[in-house]
Amino acid sequence: MAKIKVYDVKTFKKLGAINCFVALKKAGIPINLTVFWELVGALAAMHPYVLPKEMKIEALIKLNKALEKENLKPIKSLLLEDYYKNKH
């Protein structure tokens with residue numbers, strides 16, 4: 001997180017998981033969905049494996065919008081594929 005000038009919890013909370021993830025990607029840090037869930041879980045004070053499905057879907061949709069806004073490749077996930085398939 002120091003690579004994106006996040007040195008404390010206050011800054012991390014202010015930026016949020018999505019902005020931190022995008023900034024890490026833009027900085028060329030190899031980061032994946034597992035790390036994203038760890039960031040989301042840290043802010044929610046929850047272990048990543050117990051994050052509710054609805055929270056994950058909402059976070060992924062917002063993450064992909066933020067990535068696309070920065071001309072970065074969106075994250076592909078079976079969770080989103082199932083969501084969109086069942087939505088229509």
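Trainee: Where does Glu-54 lie, and is Glu-54 buried or exposed?
Mentor: Glu-54 lies in helix α3, where helices (H or I, at least four residues) and strands (E, at least two) are DSSP runs numbered from the N terminus. The model is predicted: local features need pLDDT of at least 70, side-chain atom pairs count only at pLDDT 80 or more, and totals for chains, interfaces and linings use all residues. Residues are numbered from 1 along each chain as its sequence is written, and side-chain values use heavy atoms, without hydrogens or water. Buried means under 20% relative accessible area, exposed over 50% and partly exposed in between (1.4 Å probe, protein chains only), so Glu-54, in α3 and with a value of 59%, is exposed.

Trainee: What separates the C-alpha atoms of Glu-54 and Leu-67?
Mentor: Along the chain, Glu-54 and Leu-67 are 13 residues apart. Between their C-alpha atoms the separation is 20 Å.

Trainee: Is Asn-64 buried or exposed, and which residues is Asn-64 in contact with beyond four places in sequence?
Mentor: Asn-64 is also a residue of helix α3. Because its relative accessibility is 9%, Asn-64 counts as buried. Contact means heavy atoms within 4.5 Å. With neighbours within four places left aside, the contacts of Asn-64 are Pro-74, Ile-75 and Leu-80.

Trainee: Which residues does Leu-43 contact, leaving aside neighbours within four places in sequence?
Mentor: Leu-43 lies in helix α2 and, at a relative accessible area of 33%, is partly exposed. From Leu-43 to Phe-12 is 31 residues in sequence, yet 8.4 Å from C-alpha to C-alpha. The contacts of Leu-43, neighbours within four places excluded, are Phe-12, Lys-13, Gly-16 and Ala-17.

Trainee: Which elements give two or more residues to the lining of the largest pocket?
Mentor: A pocket is an open set of points on a 1 Å grid over the protein atoms alone, where a 1.4 Å probe fits, with protein on both sides within 12 Å along at least five of seven lines; lining residues have an atom within 4 Å of a point. The lining consists of Ala-17, Ile-18, Phe-36, Val-40, Leu-43, Ala-44, Met-55, Glu-58, Ala-59 and Lys-62. Two or more of these come from each of α1 (9-26), α2 (33-44) and α3 (53-69).

Trainee: How many residues of each class line the largest pocket?
Mentor: Ala, Val, Leu, Ile, Met, Phe, Trp, Tyr, Cys and Pro count as nonpolar, Asp, Glu, Lys and Arg as charged, and the others, Gly among them, as polar. By these classes the lining has eight nonpolar, no polar and two charged residues.

Trainee: What phi does Ala-45 have?
Mentor: Ala-45 sits in the loop between α2 and α3 and is exposed at 70% relative accessible area. Although Ala-45 is not a glycine, its phi is positive, at about 55 degrees.

Trainee: What phi does Lys-5 have?
Mentor: Lys-5 is in the segment before α1, and its 62% relative accessibility makes it count as exposed. Lys-5 is not a glycine either, and has a positive phi of about 65 degrees.

Trainee: Which pattern does the protein follow along the sequence?
Mentor: The protein has four helices and zero strands. Read along the sequence, the pattern is α-α-α-α.

Trainee: What radius of gyration does the protein have?
Mentor: The C-alpha trace spans about 40 × 30 × 20 Å along its principal axes, and 34% of the 88 residues count as buried. The radius of gyration is taken over C-alpha atoms, and the globule rule is 2.2 Å times the number of residues to the power 0.38. For 88 residues a compact globule would have a value near 12 Å, and the protein agrees with this at 13 Å.
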